[in-house]
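I opened my notebook to look up charged pairs. Here is the model I worked from.

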Amino acid sequence: MKVFSRYLRNNSTLSEVLLWQELRAGSIRGYKFNRQKPLGRYIVDFYCKKLNLVIEVDGSSHYHEDAILKDQVRQQALEQLGLEFLRFDDLDVKK
């Protein structure tokens, strides 16, 4: 998981890079975020431990029926760990 997480960080989408510029270095009210963070058997786009918050950026690959179902299962499993989710559309982040 750690190796794949590193790969994802080094191959981020434009939207992930743009959002990371806003989240890094505690620029959002001093909260620290990690990107491409392994949590259990999943890797989330962004994670704030102090807030128990996961932020996901969903591109076009997330809007196919299979991907929607996988995302729902994944999110429910992580929510059972007490995590909250925010999801943003790729195009909204770019705007």
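Are Arg74 and Glu56 buried or exposed? I found that both Arg74 and Glu56 are buried. I took buried as under 20% relative accessible area, exposed as over 50%, and partly exposed as in between, with a 1.4 Å probe and protein chains only.

I noted that this is a predicted model, where local features need pLDDT of at least 70, side-chain atom pairs count only at pLDDT 80 or more, and totals for chains, interfaces and linings use all residues. Residues are numbered from 1 along each chain as its sequence is written, and side-chain values use heavy atoms, with hydrogens and water left out.

I looked up the salt bridges (a side-chain nitrogen of Lys or Arg within 4 Å of a carboxyl oxygen of Asp or Glu). The structure has 3 of them.

I went to Arg74 and Glu56 again. Their side chains form a salt bridge at 3.4 Å, N to O. Arg74 sits in helix α3 (residues 65-79) and Glu56 in strand β3 (residues 53-58), so the pair ties together parts 18 residues apart in sequence. Helices (H or I, at least four residues) and strands (E, at least two) are DSSP runs, numbered from the N terminus.

Next I checked Arg87 and Asp58, whose side chains meet in a salt bridge at 2.9 Å, N to O. This pair links distant parts of the chain, 29 residues apart: Arg87 is in strand β4 (residues 84-89) and Asp58 in strand β3. Arg87 is partly exposed at 29% relative accessible area, while Asp58 is buried at 7%.

Last, I looked at Asp90 and Lys94, joined by a salt bridge of 3.0 Å, N to O. They are 4 residues apart in helix α4 (residues 90-94), so about one helical turn separates them. Asp90 is buried at 15%; Lys94 is partly exposed at 41%.
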